[in-house]
Amino acid sequence: MEQKPPMLRVRDWDRLYENNRSRGMINTHWFPMPNDLSADSYVELLAHPDGPAHLGVWTSVLMVASRARPRGSLAREDGRPHDSASLARVMRQPEPIVKAAIDRLLQIGLLESGADKPRKKNSLPRHPRAGSRQNAARTPQDGAVERNRT
């Protein structure tokens, strides 16, 4: 039986590649991208004989991820995960370069596989000394009456 590739996603997509304007968009035609040329990940990506080609692949990966559902993932239109061959077709770049770049992006930590992090932030255990959760605010239907400074 053929094993399907893991779902790859851009690490910290929501923090680095979304903003208040892009979060409200259903279909994106642009995305914000950090421009820090001294960032460790940028320097490490280019510190390789094929660094400029890998930067081109990385930029194309971000473009694919910006249009995927959910955004930030490397998913095809039907929800299946992309592999290096399908990405190469979509990005119109040579598959050997795409595969090598994907491996480096995973190594550097710009990409992560679906198994790399917990599914939901709320799945983390609560601290033992944390108090109980706050009750929901009361509504007028609960018998609360709003009084303006009386």
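Reader: What makes Arg-92 count as exposed?
Author: Its relative accessibility is 73%. Buried means under 20% relative accessible area, exposed over 50%, and partly exposed in between, with a 1.4 Å probe and protein chains only. Arg-92, at 73%, therefore counts as exposed. The model is predicted, so local features need pLDDT of at least 70 and side-chain atom pairs count only at pLDDT 80 or more, while totals for chains, interfaces and linings use all residues. Residues are numbered from 1 along each chain as its sequence is written, and side-chain values use heavy atoms, leaving out hydrogens and water.

Reader: Where is Arg-92 found, and what is its phi?
Author: Arg-92 is in the loop between α5 and α6. Its phi is positive, about 60 degrees, although Arg-92 is not a glycine. Asp-12 also has a positive phi of about 60 degrees and is not a glycine. Asp-12 sits in the loop between β1 and α1 (13–16).

Reader: Is Asp-12 buried, exposed or partly exposed?
Author: Asp-12 has a relative accessible area of 33%, so it is partly exposed.

Reader: How many helices and strands does the protein chain have, and what makes a run count as one?
Author: There are 6 helices and 2 strands. Helices (H or I, at least four residues) and strands (E, at least two) are DSSP runs, numbered from the N terminus. Read along the sequence, the pattern is β-α-α-α-α-α-α-β.

Reader: What is meant by the largest nonpolar core, and which residues touch the most other members?
Author: A nonpolar core is a set of buried Ala, Val, Leu, Ile, Met, Phe, Trp, Tyr and Cys residues joined through side-chain atoms within 4.5 Å. The largest one here has 23 residues, and Val-10, Trp-58, Val-61, Leu-74, Ile-102 and Leu-111 touch the most other members. At least two core residues come from each of β1 (8–10), α4 (51–67), α5 (84–91) and α6 (95–108). The largest share, 6 residues, is supplied by α4.

Reader: With which residues is Val-61 in contact, beyond its neighbours within four places in sequence?
Author: They are Val-10, Leu-74, Met-91, Ile-102 and Leu-111. Contact means heavy atoms within 4.5 Å.

Reader: How do you know whether α4 is roughly parallel or roughly perpendicular to α6?
Author: Two packed helices are described by the angle between their axes and the distance between the axes. Axes are lines fitted to C-alpha atoms, for helices over the stretch in contact, and angles run from 0 to 180 degrees between N-to-C directions. The axes of α4 and α6 come within 9 Å and cross at roughly 80 degrees. Angles under 35 degrees count as roughly parallel, over 145 as roughly antiparallel, 65 to 115 as roughly perpendicular and the rest as oblique. So α4 is roughly perpendicular to α6.

Reader: Which residues of α4 and α6 meet?
Author: Ala-53, His-54, Val-57, Trp-58 and Val-61 in α4 meet Ile-97, Val-98, Ala-100, Ala-101, Ile-102, Arg-104 and Leu-105 in α6. By class this contact has 10 nonpolar, 1 polar and 1 charged residues. Ala, Val, Leu, Ile, Met, Phe, Trp, Tyr, Cys and Pro count as nonpolar, Asp, Glu, Lys and Arg as charged, and the others, Gly among them, as polar.

Reader: Why is the pair Glu-112 and Arg-11 called a salt bridge?
Author: A salt bridge is a side-chain nitrogen of Lys or Arg within 4 Å of a carboxyl oxygen of Asp or Glu. The closest N and O atoms of Glu-112 and Arg-11 are 3.5 Å apart, so the pair qualifies. Glu-112 lies in strand β2 (residues 111–113) and Arg-11 in the loop between β1 and α1, so the pair ties together parts that are 101 residues apart in sequence. Glu-112 is buried at 2%, whereas Arg-11 is partly exposed at 34%. Arg-9, Arg-11 and Glu-112 are linked in a network of salt bridges.

Reader: How many salt bridges does the structure hold?
Author: The structure holds 8. Among them is Glu-18 with Arg-71, at 2.8 Å from N to O. Glu-18 lies in the loop between α1 and α2 (20–23) and Arg-71 in the loop between α4 and α5, so this pair joins parts that are 53 residues apart in sequence. Glu-18 is buried, with a relative accessible area of 10%.

Reader: What separates Asp-103 and Lys-99 in helix α6?
Author: They are 4 residues apart, about one helical turn. Asp-103 and Lys-99 form a salt bridge, with the closest N and O atoms 3.7 Å apart.
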